[in-house]
Amino acid sequence: MQPSFNKNKAILSLLPLLTFVALFLGSGLYLQSQGVDYAFYQLPAPVAILPAIMLAFILNKGTVNQCVETFIKGAGHNNIITMCLIYLLAGAFSAVASATGGVDAVVNAGLSLIPPALLLPGLFLIAAVVSTAMGTSMGTIGAIGPIAYAVSIKTGIDPALMAGTIVSGAMFGDNLSIISDTTIAATRTQGCEMKDKFKENLKIAVPAAILTIGLLFYLTPAAQVVETQDYDIWLVLPYAFILVLAVAGLNVFVVLFSGIIFAALMGFTGSYEGSSFVKDIYQGFTDMQEIFLLSMFIGGLSEFIRINGGLDYIAQKIQAITKVIAKWHRKVADQLGIAALVMTSNICIANNTVSIIVAGPIAKKLADDGEISGKRSASLLDIFACVTQGSLPYGAQALLLGATFKISPWEVSTSSYYCFILAFTAIAIICLRRNKA
């Protein structure tokens with residue numbers, strides 16, 4: 001059967017993205033090898049992607065106005081705008097809570113309660129619970145990241161390891177939460193109920209989480225004496241407040257906006273002033289500028305790839321590969337095909353929700369052909385999208401935590417051990433339970 005896209009055009013549509021990845025990662029890795037501090041920040045990602053966008057305009061061969069419309073359609077996608085708004089609110093909450101002294105208060109409170117040997121497993125579980133309740137990894141990282149950074153400074157734990165722990169917990173919740181955009185996209189495209197997908201997903205995520213907790217316990221350095229200072233319990237309440245709201249299942253925007261107001265109110269009981277509150281909110285917005293711009297630019301670039309058949313071309317190649325594996329076991333081949341499909345899509349788009357939406361119809365066909373249940377295909381879509389997103393050095397999660405911890409995104413992504421363990425666990429279950437899909 002002839003493909004419904006132009007092969008040469010589809011291949012060319014992938015060139016701009018490869019150009020961006022080569023420029024961004026290539027320059028960062030080179031400068032890092034030369035011992036340059038903050039190597040990945042010498043060429044800002046929003047600037048590195050500009051030549052790729054220009055190349056996409058040229059290769060698209062439409063009028064300038066048509067290219068602009070295509071770019072804006074991708075940059076203005078509902079998921080992209082939602083994510084960008086979460087960036088702003090998460091930045092504002094972090095800035096206000098930090099300015100009022102909340103971060104120091106929570107750190108000292110946490111250090112006084114959590115045994116040093118359980119810091120990493122404890123923070124992983126906290127991030128996992130919050131992310132599951134909020135349905136967003138970015139909101140979780142925005143709220144917990146500054147706390148984890150301060151803990152790493154006080155305890156001497158490797159910042160990259162600490163950042164990887166937070167990403168791991170955040171991606172666990174993002175994958176499992178029934179209010180997550182990824183869950184909604186996966187269940188809708190595969191035609192299954194959220195509760196069924198949740199139960200199926202749990203069978204894979206829980207064993208991976210247990211293995212991760214064991215690894216983090218092993219990697220936690222020997223207990224060190226950390227001097228804790230007196231803290232104002234009122235300044236701890238904003239974090240407890242957003243945790244309660246998150247567990248209650250409120251919308252992430254309500255949680256973060258309420259957290260900003262509550263943090264300010266607690267600060268007003270001390271020396272915090274209203275004029276500082278306004279400035280801190282804007283500072284929080286400013287701190288998110290790079291990640292905000294990059295997310296929109298990648299969204300626009302991915303639209304060129306989609307309309308020119310780039311993702312369809314990749315899907316066709318993946319399906320050809322699964323035919324070889326199918327000689328051993330058809331269900332295994334189709335499940336691995338679904339995993340490879342959404343991972344490739346996510347690498348191109350750097351957004352796990354959008355990658356699921358794009359890969360969903362093809363994954364549904366693979367599932368139907370291989371007689372794979374909707375709950376299993378939905379779980380695999382969500383799992384491997386989150387695995388890839390949490391492992392991408394140019395993904396939003398790595399960029400945000402890299403900026404928070406003042407380390408390179410590469411260090412963050414290579415330390416997100418849960419994502420790697422989850423991928424291994426999922427593949428093992430696919431192969432071992434090949435007749436129960």
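User: Which residues does the UniProt annotation "transmembrane region" cover?

Analyst: The model is a predicted one, and the annotation comes from an unreviewed UniProt entry. Such annotations may be inferred rather than shown by experiment. The record assigns "transmembrane region" to residues 12-32, 38-59, 80-99, 202-219, 239-265 and 415-432.

User: Where does H19 bend, and which proline follows?

Analyst: Helix H19 runs over residues 352-369, and its 18 residues should span 26 Å at 1.5 Å a residue; the end C-alpha atoms are 24 Å apart, in agreement with that value. Just after H19, Glu 371 adopts a positive phi of about 55°. The bend within H19 is about 50° and is located at Gly 360, with a proline following within four residues, namely Pro 361.

User: Is Asn 352 buried or exposed, and which residues does Asn 352 touch?

Analyst: Asn 352 belongs to helix H19. Its relative accessibility is 6%, so Asn 352 counts as buried, the cut-off for burial being under 20%. Leaving aside residues up to four places away in sequence, the contacts of Asn 352 are Met 171, Asp 174, Thr 182, Asn 346, Ala 385, Cys 386 and Gln 389.

User: Which residues of H5 are buried, and what arc do they cover around the axis?

Analyst: Helix H5 has 12 residues, 64-75, and reaches 16 Å from its first C-alpha to its last, close to the 16 Å expected at 1.5 Å a residue. Its buried residues are Cys 67, Thr 70, Phe 71, Gly 74 and Ala 75. They lie on the same side of H5, because the arc they cover around the axis is only 130°.

User: Which exposed residues does the face of H5 turned away from its buried side carry?

Analyst: An α-helix has 3.6 residues a turn, so residues three or four places apart point the same way. On H5, the face turned away from the buried side carries the exposed residues Asn 65, Glu 69, Ile 72 and Lys 73.

User: How many aromatic pairs does the structure hold, and why does the pair of Phe 172 and Tyr 418 tie together parts that are 246 residues apart in sequence?

Analyst: The structure holds 10 aromatic pairs. One of them joins Phe 172 and Tyr 418 edge-to-face, at 5.7 Å centre to centre with 65° between the planes. Phe 172 lies in helix H10 (residues 159-176) and Tyr 418 in helix H23 (residues 417-432), so the pair ties together parts that are 246 residues apart in sequence. Burial applies to Phe 172 and also to Tyr 418.

User: What geometry does the pair of Phe 268 and Phe 277 have, and which residues are linked into a cluster by ring pairs?

Analyst: The ring centres of Phe 268 and Phe 277 are 6.3 Å apart and the planes stand at 80°, so this pair is edge-to-face. Phe 268 is partly exposed at 36% relative accessibility, whereas Phe 277 is buried at 16%. The cluster linked by ring pairs consists of Phe 57, Phe 71, Phe 297 and Phe 304.

User: Which residues does Ser 94 touch, and what separates the C-alpha atoms of Ser 94 and Asp 280?

Analyst: Ser 94 is found in helix H6 (residues 78-99) and is buried, with a relative accessible area of 14%. Apart from residues up to four places away in sequence, Ser 94 touches Gly 142, Ala 143 and Pro 146. Ser 94 and Asp 280 are 186 residues apart along the chain, and their C-alpha atoms are separated by 9.2 Å.

Conventions: Residues numbered from 1 in each chain as written. Predicted model: local features only at pLDDT ≥ 70, side-chain atom pairs only at ≥ 80, totals over all residues. Heavy atoms only, no water. Phe/Tyr/Trp six-rings, centres within 6.5 Å; stacked < 30°, edge-to-face > 60°. Helix = DSSP H or I, 4+ residues; strand = E, 2+ residues; numbered from the N terminus. Buried < 20%, exposed > 50% of the residue type's maximum accessible area, 1.4 Å probe, protein only. Expected span 1.5 Å × (residues − 1). Bend = angle between axes of the 7 residues up to and from the residue. Arc of directions from axis to C-beta. Contact = heavy atoms within 4.5 Å.
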